[in-house]
Amino acid sequence: MQTLLEMRNITKTFPGVKALDDVNLKVQEGEIHALVGENGAGKSTLMKVLSGVYPKGSYEGEIHYDGQLAGFAGIADSEKLGIIIIHQELALVPLLSIAENLFIGNECAKGGVVNWPETFRKTEGLLKKVGLAEAPATQVGKLGVGKQQLVEIAKALSKDVRLLILDEPTAALSESDSSALLDLLLELKSQGVTSIVISHKLNEIRRIADTITVIRDGASVSTLDATTQEITEDHIVRDMVGRDMSHRYPERDRKAGDMLLEVRDWNVWHPEHQRQVIRDINFHVRAGEVVGIAGLMGAGRTELAMSLFGRSYGRNITGNVALRGQPIDTSTVAAAIKNGLAYVTEDRKELGLILEESIQRNITLANLGDVSSKGVINEAEETNVSERYRQAMNIRTPSVFQKVVNLSGGNQQKVVLSKWLFAGPEVLILDEPTRGIDVGAKFEIYGIINELSAQGKGVIMISSEMPELLGMSDRIYVMNQGGFVGELSAEEASQERIMSLIVTE
Amino acid sequence: MTDTTTQTKTTKSVASYLSSHLREYGLLFALIAIMVFFQVVTNGTLLKPVNITNLFLQNSYIIIMALGMLIVIVGGHIDLSVGSVMGFVGALAAVMIVNWDVPVSLTIIVCLLVGALIGAAQGYWVAYWKIPSFIVTLAGMLVFRGLSLWLLEGQSIGPFPKPFQLLSTGFIPDVFGVGRPNATALAVGIIAAAAIVWMGLRKRARNKAYGIEDEPAAFFVVRNVIVAGALLFVMYKLSTFRGLPNVLITMGVLTIIYAFLTEQTTIGRRIYALGGNEKAAKLSGIPTERLTFLTFVNMGLLAALAGLIFAARLNTATPKAGFAVELDVIAAVFIGGASMSGGVGKIVGAVVGAFIMGVMNNGMSIMGIGIDYQQVIKGLVLLAAVIFDVYNKQKQG
C-alpha cells in the first residue's frame with residue numbers, strides 16, 4: 001500500500017492558543033482512517049488545515065499528498081486534487097433540488113447555460129452509487145438527515161473524490177441510517193476511495209477503521225493499526241483522555257442540603273421534525289450542590305436546559321418540575337424566572353446579551369421590577385445595583401455605562417452571570433459557562449460558582465470540558481442521544497468512566 | 001508644566017467627549033445650520049412669526065407619526081402603512097361628520113379606536129405569525145389606500161364644522177388677556193425653558209454624585225443656552241402672531257410623554273432590548289410578541305390622530321391625503337439617528353429629524369425651488385445622515 005497523505009509536524013496557533021502542536025498524520029491509499037479525540041482536541045482544526053480553510057502559510061509544517069509537497073490556498077485548491085470534506089453541519093441548500101445541490105458551483109453548463117438533461121442523468125448515476133432511491137428533482141430540505149448525508153457523499157463523488165473526509169458523519173443519524181452509511185463507506189473503500197472519519201462512536205470506528213489516530217490537546221498521541229491487532233475501546237479511551245489533572249479548581253466545602261429542584265419524566269420533541277430530542281429524563285439538585293451534565297455535542301444538553309427554562313425549546317413538552325417539593329410553573333420564561341430558575345446561555349452574544357447596550361442595562365434586564373416602581377425605572381438605584389455587581393464580580397471596565405460589546409469574553413460572561421444573580425434565582429443552569437474565555441477568568445467564574453453553592457443555591461453545569469466538570473461537580477449525569485445514560489458521584493467519576501458510558505451505549 | 005498637562009488632558013477629554021457624542025450634537029447643529037441658511041437665503045422669511053406658526057401646522061402630523069414610527073423601528077420593525085391609515089381615518093372622519101352628522105367628539109373617539117384596531121390587525125401578523133413587517137404593512141398600505149378611495153367614492157368631502165377644525169387650526173386663547181404679544185405663549189416658553197434647564201441640572205448633579213458625569217461643563221452650558229434660547233425665541237415669535245397653536249400643545253405633550261415612556265419606564269427599556277436582541281430579550285422573560293404587537297397598536301393610534309389633524313387642517317378629506325407620507329415619517333426617524341436593525345434611536349432625535357425635513361421643505365418652497373429638486377435634496381440629506389451614522393460607528397469600532 002502507498003501513502004496517500006502525510007501531514008508532518010503541523011502546528012497551528014490562534015491568538016493566545018496553540019490549537020495544533022506538532023501533529024503527524026499518515027494516511028494510506030485505500031484505507032479508512034479514524035481520527036478520534038475529545039471536543040476541542042484539534043481534529044476539526046487539523047482537517048481545516050488539510051482542506052485549505054486555513055491556507056498555506058497560516059500554519060507550520062508540511063503536507064505531502066500523492067507523493068508531492070502540497071499546500072492549499074483555499075477549499076477550491078484541495079478539491080481540485082480530490083480532497084473533499086463533509087462537515088458536521090451539512091452544506092446543502094435546503095430549498096434546491098438534489099440535482100441542483102450536487103452540482104452547485106460545479107454545474108454541467110456551457111457558457112453559463114445549464115444543461116439540465118445532462119445534470120439529471122449524472123445525478124441519477126451518483127444517487128445509485130450511494131444507494132439513495134430519490135428522484136433528482138426532490139427538494140433537499142424534504143429529506144431526512146441520513147439521506148442528506150448521502151447527498152453530500154454523492155456530491156463528493158461528483159467531484160472525483162480521492163480522499164473523503166467526514167466530520168462526525170453519524171452524529172445526527174439513527175441507528176439504521178448510521179449502519180447504512182458505514183456500509184457505504186466500506187463499499188467506497190472497495191472502489192479505491194480513501195476516507196478520514198472523525199467520530200466519537202468507538203463501536204463504529206472499530207467496525208470500519210483500518211488505522212486510528214488519537215489526538216489530544218492539539219497533539220497526536222498515538223496511531224493504532226487495527227488491521228493487525230484488536231484495539232479495545234478502553235485502549236482508545238485511555239489515549240483520548242490520558243492527561244493528568246492538576247488543581248485548577250478552587251476548593252469548596254461539598255455539602256448537599258435539602259432537596260431543591262426535581263425534574264420528573266421530562267420529554268421534549270424537536271420543534272420542527274418528528275423526532276424526540278429529550279426522552280424520560282429524571283434528575284434532582286440539592287441545595288448547595290453543583291450538578292454536572294456531561295455529554296458530547298448534540299447529546300441534547302442545551303435542549304434540556306432550554307426546554308426547562310420557560311419551554312424556550314421544543315414542543316410537546318411533558319413532565320413535572322418541582323422546587324422544594326412544590327410543583328412550579330415553568331411554562332413561560334417569565335414564570336420560570338419568577339419561580340426561581342435562571343439560565344445562562346451557551347451563546348452569550350446571540351442569546352445572552354444586548355451587545356449595543358450598557359453593562360447596567362444588561363444587568364437589570366431580567367429583573368427590571370426591582371429597580372422600578374409603577375413601571376418607572378429608578379436609574380440611580382439601577383446604577384447602584386450594577387455598580388455593586390461590577391465590584392462583586394470584578395468586571396473590568398471603566399464604568400457600568402460601557403457597552404458590553406467592548407468587553408472581553410470573560411467580562412461579558414460576568415455581566416451575564418450578574419444579570420441572572422440579580423434575578424434572584426434558587427437554581428442556576430449554566431450552559432458552557434467558561435467557553436471561549438481565558439484561564440484567569442475561568443478561575444474567577446469557578447469561584448463565583450462555589451460562592452453560589454455556599455449560599456445554598458443549586459447549580460446545574462453543562463460543559464463539554466470534562467476536566468472542568470470533574471473538578472467542579474458534586475455529581476455528574478451523563479447524557480447521550482437525549483437521555484441520561486448514567487449518574488456518577490464525584491468520587492466515582494472519571495473521564496474514562498464518562499467516556500465509556502457515552503461510547504458503549 | 002503641570003498647567004500644560006492638565007490643559008492637554010482637558011482638551012483631550014473634550015475632544016473624546018465630542019467624538020463619542022457627535023451624533024447628538026451633530027443633529028442639533030445641523031438643524032440650527034439649516035435654519036440659519038434658509039433664514040439668510042429667504043431674506044428672513046423663514047423665521048417670521050407667521051411662517052414659524054405654519055411650520056408647526058404643516059409638520060405636526062409628520063412629527064406625531066414619527067413618535068410612533070421611532071418606537072416601531074426601535075423594536076426592529078417598520079410600518080409602511082401609516083400614510084394610507086392616516087388618509088383612511090381622515091376619510092372616515094369626513095364621512096361620519098359631514099355625511100352622517102355624527103357628533104365631533106364621538107367621531108374623534110371612534111376614529112382613534114379604528115386606528116388602534118388597524119394597528120392591532122397588522123401587529124397581530126407581525127408579532128404572532130412572524131410575518132415580516134415590511135410585507136404586512138405594504139399590504140396595509142395598499143388596502144387602506146383602496147378603502148379610503150372607496151369611502152370617499154373618489155371625491156373630496158368637506159368642509160368640517162368649526163369645532164373639528166380647531167384640532168389643527170385653533171390657538172390657545174391668552175389667559176392673561178394681554179393679547180399681543182400673547183402672554184400665555186411667553187409664559188409657557190419661560191416655564192418650559194426653565195424646566196429643561198432645571199432637569200438638566202438635576203440629572204447632572206445626580207450623575208456627579210455617582211462620578212459618572214462626562215459632559216464638560218462648558219458643553220452643558222452652551223447646549224442649554226442654545227436649547228432654552230431657541231425655545232424662548234420661538235415662543236416669542238409665536239406670541240407676536242396668534243399665540244400657541246393647539247397642535248403645538250398636542251405635539252409637545254405627546255413628545256414629552258413618549259420621551260418619558262421610552263427612556264424612563266420598564267416598557268420602554270424592554271422595547272429597546274427587544275430591538276437590540278430579540279432572542280436574548282425573550283430569554284430574559286420579556287414578552288416579546290406582546291410588545292411588538294403593542295408597538296403597532298400605538299402606531300395605528302398615532303396615525304389616526306395624525307389623520308384627524310391633517311383633515312382638520314385642510315378642512316376636507318381627499319383621496320390623496322397621506323400619499324407617500326410614510327416615507328417622510330420614516331426618513332425623519334432615520335435622520336434622527338435610529339438604526340434600521342433596531343434597538344437604537346431616541347424620541348427627541350426623531351422629532352428633530354422631522355423638523356429638519358420640515359424646515360427644508362418650507363425653506364425650499366419659499367425659495368421657489370421646484371418639487372423635483374426638493375425631492376432630490378431631501379433624498380441626499382437622508383443618505384448623508386445615515387452615511388454619517390455608519391461612518392461614525394465604524395470609526396468607533
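The strands concerned are β13 (residues 259-269) and β16 (residues 315-323) of chain A, which pair in the antiparallel sense over 6 bridges. Both belong to an open sheet of 4 strands in chain A, with antiparallel pairing and the order β14-β13-β16-β17. The edges of this sheet are β14 (276-286) and β17 (326-327) of chain A; each has a single partner strand, so one side of each is left without a neighbour in the sheet.

Chain A as a whole contains 17 helices and 24 strands. Its radius of gyration is 25 Å, close to the 23 Å that the globule rule gives for 505 residues, and chain A is therefore as compact as a globular protein of that length. The C-alpha trace of chain A spans about 70 × 50 × 45 Å along its principal axes. Of the 505 residues in chain A, 46% are buried. Among contacts in chain A with a separation of 6 or more, 68% are between residues 24 or more positions apart.

Chain B is built with 16 helices and 0 strands. For its 397 residues the globule rule gives 21 Å, and the radius of gyration of chain B, 22 Å, is close to this value, so chain B is as compact as a globular protein of that length. Along its principal axes, the C-alpha trace of chain B covers about 80 × 60 × 40 Å. Buried residues account for 42% of the 397 residues in chain B. When contacts in chain B between residues at least 6 apart in sequence are considered, 80% join residues at least 24 apart.

One helix of chain B shows how burial is arranged around an axis. Which residues of helix α7 (residues 162-169) of chain B are buried? They are B:F164, B:L167 and B:S168. These residues lie on the same side of α7 of chain B because they cover an arc of only 80° around the axis. The elements of chain B that cover the buried residues of α7 include α3 (49-74), α4 (82-99), α5, α10 (246-264) and α13 (288-314).

Over chain B the average pLDDT is 89, and 94% of the residues score at least 70. Residues 1-10 of chain B stay under 50 in pLDDT, and the model has 0 contacts beyond four places in sequence for them. Where pLDDT is low, the predicted coordinates should not be read in detail.

The two chains meet where 26 residues of chain A are in contact with 21 residues of chain B. On the side of chain A that touches chain B, the elements giving two or more residues are α10 (333-338), α11 (348-352), β20 (376-377) and α13 (379-393) of chain A. By residue class, that side of chain A comprises 15 nonpolar, 7 polar and 4 charged residues.

Note on methods. Residues are numbered from 1 along each chain as its sequence is written. Chains are lettered from A and ligands numbered from 1 in the order in which they are written. This is a predicted model: local features need pLDDT of at least 70, side-chain atom pairs count only at pLDDT 80 or more; totals for chains, interfaces and linings use all residues. Two residues are in contact if their C-beta atoms, placed from the backbone, lie within 7 Å. Ala, Val, Leu, Ile, Met, Phe, Trp, Tyr, Cys and Pro count as nonpolar, Asp, Glu, Lys and Arg as charged, and the others, Gly among them, as polar. pLDDT is the predictor's confidence in each residue, from 0 to 100. A residue is buried if 20 or more other C-beta atoms lie within 10 Å of its own, exposed if 12 or fewer, and partly exposed in between; C-beta atoms are placed from the backbone. The arc is that of the directions from the helix axis to the C-beta atoms. The radius of gyration is taken over C-alpha atoms; the globule rule is 2.2 Å times the number of residues to the power 0.38. Two strands pair if DSSP finds at least two bridges between them.
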